[in-house]
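Please read the following paragraphs with the model open beside them.

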Amino acid sequence: MAELFVPKIIDELGDVVVKQLGEKINLVMSVEKEVANIKRKLETIQNVLHDAERRRLKEEPVGKWLEELEDITYEMDDVLDEWNIKIQKPKNEGTQQNARTQPTLWSKVRSFIPSLCSCLKQLPVRSDIASKIKSISEKLELTLKEADEFKFITSGGVPDSQDFKRIMTTSIIDESEIYGRASDKDALRNQVLSESSSQGRRGGPVISVVGAGGSGKTTLAQLLFNDDRVKNHFELKKWVCVSDPFDEKRIARAILESPEKSSLGSLELEPLLQLLKETFSGKRFLLVLDDVWTKEDSKWKPFQYSLKDGAPGSVILVTTRSLEVARVVGTTHTHQMALMSDSDCWLIIQRIAFGGRSEEWSKKKESIGQKIAEKCKGLPLAAKTMGSLLRLKDTIQQWQNVLDSEIWQLEEELSPEQQLFPHLYLSYNELSPELKRCFSYCAVFPKDHEIYVEKLIWLWMAQGYVRPRRRGESLELVGLEYFNNLAMRSFFQEIEKAEALYGLTEYIKCKMHDIVHDFAQFLTKNECHALDGTGRNSSSERPRHLTILEEGTEEEMFSSRVVDFGRLRSFLTFPIIGRVVPQNLFCILKYVRTLTLSNCGLAEIPAEIGRLIHLRHLDLSDNLFITLPEAICDLYYLETLNITDCEKLSCLPQRIEGLVHLRHLFNEGTDDLRQIPQGLRKLTSLCTLSRFIARSNSDDLAILKDLNQLERLAIEIEGEVDFGSAKLGKKINMRQMFLAFSDGTHFIETPSCIESVEPPPNLEELALGGYPGVQLPSWLVTKSHANNLTRLIINGPRNISSLHALWELSSLEELKLVKVEELECLGKEFFGVTKALHENSRDALDTLSNSESSFSAEAVAFLNLRKLHFEDCNNWTPTN
């Protein structure tokens, strides 16, 4: 995406020259003139980029010119990385040298010889960077000459999205209303119940819902699945999103998934199918297989056989775009999705676009809107997309521009599967370069993948797509704004919250509609590449981003004939690739920014990982290695390191202070890791530390003293510790904190060490696990931070029998109490009311429903509480 990288490189070129001069390091000499030339050429190119991007789809030569320009910008980006590292390295080495005792004359003479050798070693590096810069300048010169042939319109720079700031204040639209599908739902429900009641062959019929992408197949299946009559009719109901590729093991696990079957991940296909057979045997079931693509009968037959012993009346419901797929799965009845009427499409557009608008404003847009509804061709997703776009348009002329857009001409050149692309492209085309790139990067995910928004933002950051508008602005918050903007335009769906990190943090997760995913792949067909188990690709042969979708042999998956690994900036595995990781992987990924190797059975991480100097995001979670090589500390740019659930990991690298840009360290589930290295104290950019061990009678917590950018922190406490040395009260950015007390922890001093905690002043979420005290710490409600606390979780306290004074937490929105074994009832002090509140007490309901009469004049309890959660409080005793 040249629109994004050209201005980024223009800014960074100036910065790196200033750094070199500021540090008085002549690392790359006599390149100031060449750098100035490159900047001038890039600024000239920047002025025509908007027109070039506009013409990209319609004019193939323009598309090729942009691809060549993108190659050059990637190359320049890599050179700038190398240059920056070489500037910083002498600076860091100099700092270490100054920390030592002042050298004597003889030691100065002795040190001169290795210093001279070091300078001589640097000469090839300087020459290499200088030659690369010269080569890039020459390529840009040719690119400029080619640009003249296209007669691009000069725009004076790439415009930002005009709606960016305004969208941020708008909430995501409620999609609960479904239009035009009542008759479809009734017909499908009648068919399902009729087939089920016919007492036909065991295993049940297969009913297929067939329709174009975006026609509402999944929505219809969901309406049926959640229908009360259907719920009551079937003994067992399962929903599985199948998608493409048809991964037999993943699908079998998804069908069987339950808390009792948590070990399914280790099973091969044969035992999974046997378990499937046992689970469904003799039960009347409804199994929904959503979004089926495979036309290979051999992949479907084993499932059909495993399900054949279901009780009479069982039904398998399949949704698919293809009648051929419906035939392969042995369909006994096909429900063909009818297209929606233009009037129903207009109802969807109205609901979204007119939300909160005056009747007079809406009336003026109606005639244009109805014509736009006709262009939706009866597809609800198209109507939803148009509604999201028109919601951002204030004037009649802006609505008319949508109707008259030349993008509608694309319809003539697209396949039937791509008929929604013009609608999506209208929204996409109005995005800023940053948002365009963030959206299109989502092509790296498999279809129907559950995307965790926070992880998505880290991936965007790793690729350099998130750009702060002012110095010091949080990249993560900017990334969240990007996500909200894209969600407002209906590029994401099924947005919901999910708990993680000890139940403390609430993560947002979402999915992409498969048509929207197709569109992202369409935009990135020359950049994103997916490999299945046979090494076949679904996109470019010269990709920048590689996704591994299925297991396969090393030759199939990693052959140089399949992909040029030297070009990759992303290498991602979804969800598991078994043991297939080639020995030389860490040598060939020269320019990778993102590397995810989660759950790959890695018993060792080779030292060659230190060569991946461009790496920003590294996910090694759920692997078997015992140590991390010290060379990992050479990853100067690394921002996110995920070693979650690496249960055998015994230690972190001693040189960890070398990870100067590390922002997130996820290390929960590393049970064998017993000590944090002292060098961690120098990682002052750290925002997340998900497991820190504080041992009894040690100075471990002093390591946290200067980590004032921390936003999330989890501390495991083993006995009496000195909380004062952590300086938690100075951590003004801290929003979430988890304090977990080991089983052997007892407070033997009075007052206990927990009372010495000076809580972070802006703390919003706090979790206490295994708290050993008789009473909760007094600072919980007496310190000023209590006015900011919105979420409190108390899990497994060992000695607490009373929860007095919590009602004073005026900002608290959620209170979660789990395994409070000593708690027998909630007394009046809990709610600050005159009457005690007990489990199963009629007075409890009266108290909560009639606050004016029950609350004392002096106490108003839990002013903002929305969620009160009790779990495993086994000793509660109802009283009169």
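What follows begins with the chain as a whole and then turns to its parts.

This is a predicted model, in which local features need pLDDT of at least 70 and side-chain atom pairs count only at pLDDT 80 or more, while totals for chains, interfaces and linings use all residues. Residues are numbered from 1 along each chain as its sequence is written, and side-chain values use heavy atoms, with hydrogens and water left out.

The protein chain has 28 helices and 22 strands, where helices (H or I, at least four residues) and strands (E, at least two) are DSSP runs numbered from the N terminus. Of its 880 residues, 54% are buried; buried means under 20% relative accessible area, exposed means over 50%, and partly exposed lies in between, with a 1.4 Å probe and protein chains only. Among contacts (heavy atoms within 4.5 Å) between residues at least 6 apart in sequence, 66% join residues at least 24 apart.

The largest nonpolar core holds 92 residues, of which Phe571 and Leu806 touch the most other members. Apart from it lies another core, of 75 residues, which includes Ala373, Leu389, Ile407 and Leu572. A nonpolar core is here a set of buried Ala, Val, Leu, Ile, Met, Phe, Trp, Tyr and Cys residues joined through side-chain atoms within 4.5 Å.

Several helices show how burial is arranged. In helix α12 (residues 297-306), the buried residues are Lys299, Trp300, Phe303 and Ser306. Seen down the axis of α12, these residues fall within an arc of 120°, so they line one face of the helix; the arc is that of the directions from the helix axis to the C-beta atoms. An α-helix has 3.6 residues a turn, so residues three or four places apart point the same way. The buried residues of α12 pack against α10 (248-256), α11 (269-280), β3 (285-292), β4 (315-320) and α13 (323-328).

In helix α17 (residues 396-403), Trp399, Val402 and Leu403 are buried. Viewed down the axis of α17, they fall within an arc of 100°, so they too line one face of their helix. Their packing partners are α14 (342-353), α15 (359-374), α16 and α18.

Helix α22 (residues 514-523) is mostly covered, with 8 of its 10 residues buried. These are Asp514, Ile515, Val516, His517, Asp518, Phe519, Ala520 and Phe522, and what covers them includes β3, α16 (380-390), α18 (421-428) and α19 (433-441).

His517 of α22 also takes part in the lining of the largest cavity, together with Cys442, Phe445, Pro446, Lys447, Asp448, His449, Ile451 and Met512. A search of the whole structure finds 1 cavity of 30 Å³ or more, and the largest cavity has a volume of about 40 Å³. On a 1 Å grid over the protein atoms alone, a cavity is a set of points where a 1.4 Å probe fits but cannot get out, and lining residues have an atom within 4 Å of a point; grid points are joined across faces, edges and corners, and a volume is the space filled by probe spheres set on the points. The lining residues divide into 5 nonpolar, 2 polar and 2 charged, where Ala, Val, Leu, Ile, Met, Phe, Trp, Tyr, Cys and Pro count as nonpolar, Asp, Glu, Lys and Arg as charged, and the others, Gly among them, as polar.

The region around helix α21 (residues 475-488) contains alanine 487, which counts as buried because its relative accessibility is 6%. In the loop between α20 (453-462) and α21 lies valine 466, buried with a relative accessible area of 8%. Not counting residues up to four places away in sequence, valine 466 touches Ile457, Trp460, Met461, Leu475, Val478, Gly479 and Tyr482.

Which backbone angles deserve a second look? Most residues other than glycine have a negative phi, yet phi of serine 490 is near 70°, a positive value. Serine 490 is found in the loop between α21 and β7 (493-500) and counts as buried at 8% relative accessibility. Phi of asparagine 599 is also positive, near 55°; asparagine 599 lies in the loop between β12 (594-596) and β13 (617-619) and is partly exposed, with a relative accessible area of 27%.

Technical notes:
1 Å grid on protein atoms, 1.4 Å probe; cavity = no way out; pocket = protein on both sides within 12 Å on 5 of 7 lines; lining within 4 Å.
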